[in-house]
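Colleague: Could you take me through this model? I want to hear what stands behind each term.

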Amino acid sequence: MEHVIRVERDGEGLQMALLWLLEEALVRGRIAKAVASASDYEVTRLEAEIPDREISPGYFTRAGYLLGLSTDLELGIPIDPASISPSDVIGIRAVRAARAEFDREHPGCPRCGERQDNNVMRVCWACNYKLRGDA
Amino acid sequence: MSEARLELSEPRRIRLHDRSHAFTIICRRLEPADWAVFFGATSMSSEQRGAERISISDFDTPRAMLAERVITSAEGYKVEGEVELTSLPNWVTRLPLGHRQMIGAQLAGARVSEAGDLMILSEGECITIDSPWSIDAETGKMVAYQGLQHRLKTPSAEHQRRYNRASSRSIIVGGGRNGRTIYPGSQDVLVELYDELIMSVDGYSWKGEPLSGVQQIRDAMDGWHKFTVAQALFNPSNTVSTEGDAE
């Protein structure tokens, strides 16, 4: 029998898709900033860093919905708790886990706030602030 | 808008033409259960084939299914042995598949009006649709109603969330990376949202009287019309551009 996955209940898959979206947004943000000053080569190189989506597009559609729902909740927009479905809860947990992982992998610079490429960068790529003692 | 009102209580008589022959198919009034079956059978899917992701949709099968549920009689068909068409076992399924599919396409043929004026209401939303319906008793020609107006409350953020939740559902068969992704659709939720938001309609009648009152609209309105209107409200097709003929 074929394996059937209900995307809205697959927390692990959703977390993966959410992390993908966050990574994508990071690279796209860099591209948007670079477009004005960077060469075409540089923009192309940055675009190549956008990770390929290797899992079903269904995960990304659901991830988009969950990011919206999580943002509404964080903003304190009144939402009837009875309207939150069990699959929403699975999704909101996945958003929280994906954001935590993204924060670990891409810490923000304490000075300028820019996200770093990874968590072992020695100096901030944007403002050259020393991130580690031995830089 | 056309003068005559679209009568919702009557059976629909649909005229088909095929190779210089004309056929008339009579369909009973469609009930919510018929639309539930139709909506349940329509799904979109996509799957990875090599480097490409292929989208697959099948509307013909659900259309034929819908027609088979509601056709009550048919005129204009020759039957071997000169027997009554309706005396054949499973006679509806003896109708050509293309005819059944075309009947289904007519039953689910309403579309958002492209030519209608955009009207902004001081309160609520107005969606205008056009729909093929039934043949005119005098001319024998199919009548398409234009400018059928539906006035609805403006959806709340909660309504929008319900739609977003439903439209982001999917099922994967065969694995998360290379499996087939099936999108079951959100038609059922859109019909529910229509029932919650509808305030009034114009252009419809029930047993000869203009359709009025929210409960009567909920009970009598065609399921496909509900879906078409709600879809336009929650997920409007992209008809906006920055270029055009308008001054």
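Colleague: What makes β3(B) and β6(B) a strand pair?

Modeller: This is a predicted model. Pairing takes at least two bridges. Strand β3 (residues 21-27) of chain B and β6(B) share four bridges, so they pair. The sense is antiparallel. Within that pair, Thr24(B) stands opposite Glu75(B) of β6(B).

Colleague: Which helices pack on the sheet, α2(B) and α3(B) included, and what do they touch?

Modeller: Helix α2 (residues 60-70) of chain B touches β3 and β6 of chain B. Its direction makes about 90° with that of β6(B). Helix α3 (residues 97-107) of chain B touches β2, β3 and β6 of chain B. Its direction makes about 135° with that of β2(B).

Colleague: Why are β2(B) and β6(B) called edge strands?

Modeller: The open sheet has three strands in the order β2-β3-β6 (chain B). β2 (12-18) and β6 (71-75) of chain B each pair on one side only. From one strand to the next, the twist averages 25°.

Colleague: What makes a residue of α4(B) count as buried, and which ones do?

Modeller: The cut-off is under 20% relative accessible area. In helix α4 (residues 157-167) of chain B, the buried residues are His159(B), Arg161(B), Arg162(B), Tyr163(B), Arg165(B) and Ala166(B). They pack against α3 (57-74) and α4 (86-105) of chain A, along with α5 (187-197) and α7 (223-234) of chain B.

Colleague: What covers the buried residues of α5(B)?

Modeller: The cover includes α1 (32-41), β9 (142-152), α4, β12 (198-202), α6 (214-220) and α7 of chain B. Among the residues buried in α5(B) are Leu190(B), Leu193(B) and Tyr194(B).

Conventions
Residues numbered from 1 in each chain as written. Chains lettered and ligands numbered in written order. Predicted model: local features only at pLDDT ≥ 70, side-chain atom pairs only at ≥ 80, totals over all residues. Heavy atoms only, no water. Buried < 20%, exposed > 50% of the residue type's maximum accessible area, 1.4 Å probe, protein only. Helix = DSSP H or I, 4+ residues; strand = E, 2+ residues; numbered from the N terminus. Contact = heavy atoms within 4.5 Å. Axes fitted to C-alpha atoms, helices over the stretch in contact; angles between N-to-C directions.
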